[in-house]
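Here is a short report on how parts of one fold pack together. Look at the structure first, then read on.

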Amino acid sequence: MTYEAFRFAEKEAWDARAATYDNFTGQVTTGAIPTLLALAETAPGKHILDLCCGTGRVAGAASALGAVADGLDISPAMIDRAKAAFPSTPFEVGDAETIPRETGHYDGVICSFGIMHIGNTEAMLKDVARVLKPGGRVALSHWIGPPASQLFRIVFSAMQQFADMSVVPPAPAPFALSTEDAMRAALEKAGFRSVACVRLPLMFTAPAGEFVGHFRKFAGRAAVILDKQENDVLKQIYDAWDSQLEEYLVEGAYQVPMPALAVSAVRE
């Protein structure tokens, strides 16, 4: 299945969040960037692709380290933000499943939390292997799923209970690659070796009473579901969230753990 409707919904969701991405999603995802740069062995002169680049922070950081970096994202609005933030780094709109680069172009490919939003992850990983030089490195980050992730346990349990999924486009399972074993198997199938995983203890934060607003600006994948729901269904979902969030209030703010995996591998 190609999940074309899902791909379009994802693009629309991230276009809508581009202007505020760095104030919400980026406040969490930026915490993975130093680890990803290290796993990709980013260094001066190396050619690095920031795949699913969003607002371009990975490419910007790689460039600051002296790498020759560029970025690719399916969202035109995200690419506009990336170009504005890092004008000396090239960015373009493109598809992570069919990367518009010649074979063996890059020393490293970094994908910071993008793989969860891809319709065909097998095609993506195979094309990442294609554009890497032999011995090149890929570094990926991916959210760990529930129940290990308290945030996603709260969010998705309520959505599974109340959301009308008949109005949502068919989509791949969001946490299919959220374990070390699953990620290792997928990478090895795509032609990678020496797979290594690191767990990142990231945290979602929002002011007390403002969880819903913050999460709706934070999450593109969940938006594909939530944007299709009637108001009475949304109220049921939000009430369920609120009832489970009280234990995560710390000094006037929600602090909800949402751990992630950072994974690296070497192209054969």
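Helix 9 passes helix 11 in a right-handed crossing; that is, the near helix is turned clockwise from the far one by less than a right angle. Helices here are DSSP runs (H or I, at least four residues), strands are E runs of at least two, and both are numbered from the N terminus. The model is predicted: local features need pLDDT of at least 70, side-chain atom pairs count only at pLDDT 80 or more, and totals for chains, interfaces and linings use all residues. Residues are numbered from 1 along each chain as its sequence is written, and side-chain values use heavy atoms, without hydrogens and water.

The two helix axes come within 11 Å and cross at roughly 110 degrees. Axes are lines fitted to C-alpha atoms, for helices over the stretch in contact; angles run from 0 to 180 degrees between N-to-C directions. Helix 9 and helix 11 are therefore roughly perpendicular (65 to 115 degrees).

Which residues make the contact (heavy atoms within 4.5 Å)?

| Helix | Residues in the contact |
|---|---|
| Helix 9 (residues 211-218) | Phe 211, Val 212, Phe 215, Arg 216 |
| Helix 11 (residues 231-245) | Leu 234, Tyr 238, Trp 241, Leu 245 |

Two strands pair if DSSP finds at least two bridges between them. Strand 1 (residues 47-51) runs parallel to strand 4 (residues 106-112), joined by three bridges. Asp 50 has Ile 110 of strand 4 as its bridge partner.

Definitions and conventions:
Angles under 35 degrees count as roughly parallel, over 145 as roughly antiparallel, 65 to 115 as roughly perpendicular and the rest as oblique. Contact means heavy atoms within 4.5 Å.
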